[in-house]
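Here's a quick briefing to read with the model open beside you. Keep the viewer handy and click along as we go.

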Amino acid sequence: MPNHLASAQSAYLKSAAHQPIHWYPWGAEAFRVARERDVPILLDIGAVWCHWCHVMDGESYEDPAIAALLNEHFICVKVDRDERPDVDTRYQRAVQSLTGQGGWPLTGFLTPDGNVFYGGTYFPPDGKYGRPGFREVLLQVLNTYRSQRERVDAQATNLRTLLEENLDESTPGESSPALLQEAVDGIAKLFDFRNGGFGSQPKFPHPAVITFLLHRWFRDPQPWIREMIDRTLQGMARGGIHDQLAGGFHRYSVDARWIVPHFEKMAYDNAELLKAYLDAYMLFGDEEYGAVARGIVRWIREVMADPDGGYAASQDADVGLHDDGGYFTWTLEEAREAIGDEDALAVASAYYDIGTAGEMDHDPAKNVLFIADNIHAIATRLRRAPAEVSSLLDLAEEKLHATRVRRPAPYVDRTRYTNWNAMLASALLRAAPVLDDLWAEAHALTTLRRIRSESPGPDAVDHTAGGLAGLLDDQVQVAQAALDAHELTGDASWLGWAQAIMDRVWRDYLDADRGGLFDTASSPAGEGLLPTRTKPMQDAPTPSANGVAALVLARLFELTGNSKWQSRHHELVAAFSGRAKDLGLHGATLLLAIDWRVNPATRLVVVEETGRTGKTGRTGALPGESERMHRRALVTFLPRRVVRRVRVDSDPGALPPEIRGMVSAGPGPRAFACAGATCSAPATTDEEWRATLAGLQGLRD
């Protein structure tokens, strides 16, 4: 018989509907039954993309004996962390406080009122990998709950009190340039100068850190900052964490060299990595970075995009329980059969290190594709021309990819989570002019229109269409994407939507006493730890919602000239600046917001000429010279930059005073660059505008 998950919307919960566990979804019913029976709650938090979640499902939750034990003595609740990030955030912190570790699957043991008294992550059924067996854990938990109930309740209550004190991450402080420099110095101490990236292993991408370093290098072009950026971006691009055949990045690398990944691909990782590679491409002009960005867009288009707008949440790592990246890896014989040409195989084997000894521990013959050598070195070794080697490599890649797409493919979760959809739309809107990609622009705008049409009102969005409401991250990510749409199209409705959302955010999420924004709206409610509100400031791993909110507020001020956005930005940044420099890798989004506080922004304003009709540019009705100037503004990297496109016949009352003067200066076209309170002379041709922007960039190499 199916359990309580049979009607769930979540793919992860549906995958457990056949299990012999009497699973409940998160909700009041499970807690009511636990209180009536006076039994502990087993809380399992996982995700459809999580390899070890599937392993624990297969080993333990589908075992009839373990199921019987759980059904008799526990109430079992299963949660999809993507669907309920509010639940995951609180219980991750609770289990981490007890054990010092978190992750997925998260296995928590709760009192009937939802307080944690024990927990962990993956437990093997009978003990291996140096971990206690799950059956043994269940019996010990049950014995402790029955024989030491007062102690269990006291510990759980004390932990809840501790969480209520520590989930507020705001620490007031002053913002300063020195704070930003201290943060860079702290990040540098964690840098892996051999392989790129930060820390040893496992190694995560940290794209917001790269973006922050790009901003710092622009201001102070020290070689060691550039080295951190290039070694990290190149290390990831050439490693196995990067899908060399289809584009996009896997979630993280289990080794320090970026070679062997956990193979799941996440929407949020690829959105932020696309932005980082785009920024580096604009700033440095390195074609490798442009190629990586195009590959991410390709993966989004081919795998993640819904034709009607929207994006999938994730692509799984595996096809089955005992698989581990089989879809993405190759034996030498599989590569030979797929390529079918010995010369092309020789080149591919040298370039991607395809040999008889691979990188996968569970199957040593399996090779992860990573770039082991360059075309010129291979050409010298094989005594062929570089152009011939490059052509043979193209042939091999085409054959390998064609063979791979015929394999049974990992599951793609088609759930459209609003925050991640907005992140991908934002990244694609930035990619469109840089990569000259019409699809990226059109699809991102279609996605934002779909989010807006499915929203419950004009100033708020749900986590999924008609689903969970009141999550800060959804609101601020949509507001950010709406500003990107406004800068790209000049459509004032996107700017208006962002303003409406952020006004609502300030009403519903603000901690009026201590500053900062809570992660959930309105008054505390719900089961278990949900009434415990948190003010997130860390990138863990998605950008901090408070950091994104601060960036949106700063951009709103620069785009509108309305001082309320500036005062809110200053207030929000001040609420967290006391701890910002100590967050290191996990505080980069907030550090970027502080950068907007202590350094002047740059406003690039393009005034559209009049008297021309019927000619439509790639970003809208921007004919001739003004279209070229607008696009040039969008593809120029400048820290703290906003782009404003206005028509000469715009309503003067809707424009900031500064821009009113620009509009009334003549018939157009023209463009202005303003840094702080100083504006350039108007550029009336694309060549003049190019020179103006080059001056702002300092013509850096």
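Strand β11 (residues 602-608) and β13 run antiparallel and are joined by 6 bridges; two strands count as paired if DSSP finds at least two bridges between them. Helices (H or I, at least four residues) and strands (E, at least two) are DSSP runs, numbered from the N terminus. This is a predicted model, so local features need pLDDT of at least 70 and side-chain atom pairs count only at pLDDT 80 or more, while totals for chains, interfaces and linings use all residues. Residues are numbered from 1 along each chain as its sequence is written, and side-chain values use heavy atoms, with hydrogens and water left out.

**Around β13**

- Thr-602 sits opposite Ala-675 in β13.
- On to the next partner: β13 and strand β14 (residues 678-679) also run antiparallel, joined by 2 bridges, and here Ala-675 stands opposite Thr-678.
- β13 and β14 make a hairpin with 2 residues between them. In the turn, Gly-676 has a positive phi of about 65 degrees.
- Strand β13 (residues 670-675) has 5 of its 6 residues buried, so it is largely enclosed by the rest of the structure. Buried means under 20% relative accessible area, exposed over 50%, and partly exposed in between (1.4 Å probe, protein chains only).

**Disulfides and cysteines**

- There are 2 disulfides in the structure, where a disulfide is a pair of cysteine sulfur atoms within 2.5 Å.
- Cys-674 and Cys-679 form a disulfide, with sulfur atoms 2.0 Å apart. The torsion about their S-S bond is about 105 degrees, so this disulfide is right-handed.
- Are both ends of that bond buried or exposed? Cys-674 counts as buried at 0% relative accessibility, while Cys-679 counts as partly exposed at 34%.
- Cys-50 and Cys-53 form a disulfide too, their sulfur atoms 2.3 Å apart. With a torsion of about 80 degrees about the S-S bond, it is right-handed, and both Cys-50 and Cys-53 are buried.
- Counting bonded cysteines along the chain, the disulfides follow the pattern 1-2, 3-4.
- Cys-76 is in no disulfide: the nearest cysteine sulfur, that of Cys-53, is 16 Å away. At 1% relative accessibility, Cys-76 counts as buried.

**An open sheet with a helix on it**

- Look for 5 strands forming an open sheet in the order β1-β3-β2-β4-β5, with mixed pairing.
- The edge strands are β1 (23-25) and β5 (116-120), each of which pairs on one side only.
- From one strand to the next, the twist averages 25 degrees. Axes are lines fitted to C-alpha atoms (for helices over the stretch in contact), and angles run from 0 to 180 degrees between N-to-C directions.
- Strand β2 (residues 41-46) pairs with strand β3 (residues 75-80) in the parallel sense over 6 bridges. Within that pairing, Ile-45 stands opposite Val-79 in β3.
- Helix α6 (residues 134-147) packs on the sheet and touches β2, β4 (106-110) and β5. Its direction makes about 20 degrees with that of β4.

**Helix α11**

- How far apart are the end C-alpha atoms of helix α11 (residues 267-284)? They are 26 Å apart, which agrees with the 26 Å that its 18 residues should span at 1.5 Å a residue. The expected span is 1.5 Å times one less than the number of residues.
- 18 of the 18 residues of α11 are buried, so this helix is largely enclosed by the rest of the structure.
- Just after α11 comes Gly-285, with a positive phi of about 70 degrees.

**His-215 and its contacts**

- His-215 lies in helix α9 (residues 207-219). With a relative accessible area of 10%, His-215 is buried.
- Leaving out residues up to four places away in sequence, His-215 touches Leu-592, Asp-595, Phe-637, Pro-639 and Arg-640. Contact means heavy atoms within 4.5 Å.
- His-215 and Ser-349 are 134 residues apart in sequence and 38 Å apart in space, C-alpha to C-alpha.

**The whole chain**

- The protein chain has 26 helices and 14 strands.
- Along its principal axes, the C-alpha trace spans about 85 × 70 × 45 Å.
- Buried residues make up 59% of the 701 residues.
- Among contacts between residues at least 6 apart in sequence, 69% join residues at least 24 apart.
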